[in-house]
Amino acid sequence: MNDEKKRQENEKEKLRDQNEAFEIFNQIDTNKNNKIEEEEVDSYATFDQNNDGTVSQDEKDYFMENKKEISLEDFILNGWSRLKQLIIAENMDVKDPELPADVDNDRQVEEGEDQDENEDESESIDDEVKYTESEELDESQYDEETKLIVEEAKQARNAFEEADRKFRDLQREITHLQESLNKDFGPEDEFAPLDGECYELSDREYVYKLCLFDQITQRSKNGGSEVRLGTWNNWIGEPKYRTMLYDRGQHCWNGPQRSTHVRLSCGLEPVLLSATEPNRCEYAMDFVVPAVCVQHNERPSAPVTDSEHDEL
């Protein structure tokens, strides 16, 4: 009878957790396309773990596992457990405002009256928040057989965590390969070696980072998190394969999402030459790359040597 009651309670708890997951998913999915996208993560304050007012790329990668979007199924299987930890941590950081002494005393009386009613609930919350404490119990109280069982359980858990890590790494690699197959690297795939390669440029205020066929970021030299200036979209303009469009960047303050046009030119080595903001929230970059020379049958310019000067 007790087992049946416990099973029913577990089913109810599972149903409550699932309903809460659906509710949170719908809160984040503001455009109602049954996916959580990076732009929606930017707008959900819980993901801002360090409370600096911006959801950094690392904070997004922790939740989204380096993906650009998460389906409802992925959220239920993986994302919800990670988000719950953030919600629990957020709730632990919230402190009650100071109250006048007489109000505080009344509140203590009320809390004392409700203590018995909430005892079971508080214990369950403590178990959820402090589940790691059970791992640090003093094992000296156990007999040798129990110690052996505990040690085997630890080894099994470590093996599972290692296998889970490798599985997630493989998942990320497969996702990256699938995304690469859908990218246009030119008629002869001449731009394919640049996929994921990153190049930086510094000016007086910022460090710009261009990761080809991935994203562009900007980081202030005075500190703070990175700002995404755009995510790879496609080639634009004519002639083709001369201008790259990175859009769907982070929103400007009271403005649109940031976007960047990257203009390519022929050169001997890949170099990020310039980064400007000609219009608010719209950026432009100039990038030299040998693949353009192959694509357009151009001859890259080379530095003039001393012997060539003498001949002239």
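**Reading aromatic pairs in a predicted model**

Tutor: Start with the surface. The accessible surface of the protein chain is about 21,300 Å², and carbon and sulfur atoms hold 47% of that. Such areas come from the Shrake-Rupley method with a 1.4 Å probe; for residues, only the protein chains shown count as cover. This is a predicted model: local features need pLDDT of at least 70, side-chain atom pairs pLDDT 80 or more, while totals for chains, interfaces and linings use all residues. Residues are numbered from 1 along each chain as its sequence is written, and side-chain values use heavy atoms, without hydrogens and water.

Student: What percentage of the 312 residues count as buried?

Tutor: Buried means under 20% relative accessible area (1.4 Å probe, protein chains only). Here 28% of the 312 residues qualify.

Student: How many aromatic pairs are there?

Tutor: Rings of Phe, Tyr and Trp (its six-membered ring) pair if their centres lie within 6.5 Å; planes under 30 degrees apart are stacked, over 60 edge-to-face, the rest tilted. The count here is 15. One of them, Phe-75 with Trp-80, is tilted, at 6.0 Å centre to centre and 45 degrees between the planes. Both Phe-75 and Trp-80 are buried.

Student: Why is the pair of Trp-232 and Tyr-246 edge-to-face?

Tutor: Their planes stand at 65 degrees, with centres 5.6 Å apart, so the pair is edge-to-face. Strands are DSSP runs of E, at least two residues, numbered from the N terminus. Trp-232 sits in strand E6 (residues 227-236) and Tyr-246 in strand E7 (residues 243-247), 14 residues apart.

Conventions: Buried means under 20% relative accessible area, exposed over 50%, partly exposed in between (1.4 Å probe, protein chains only). Helices (H or I, at least four residues) and strands (E, at least two) are DSSP runs, numbered from the N terminus.
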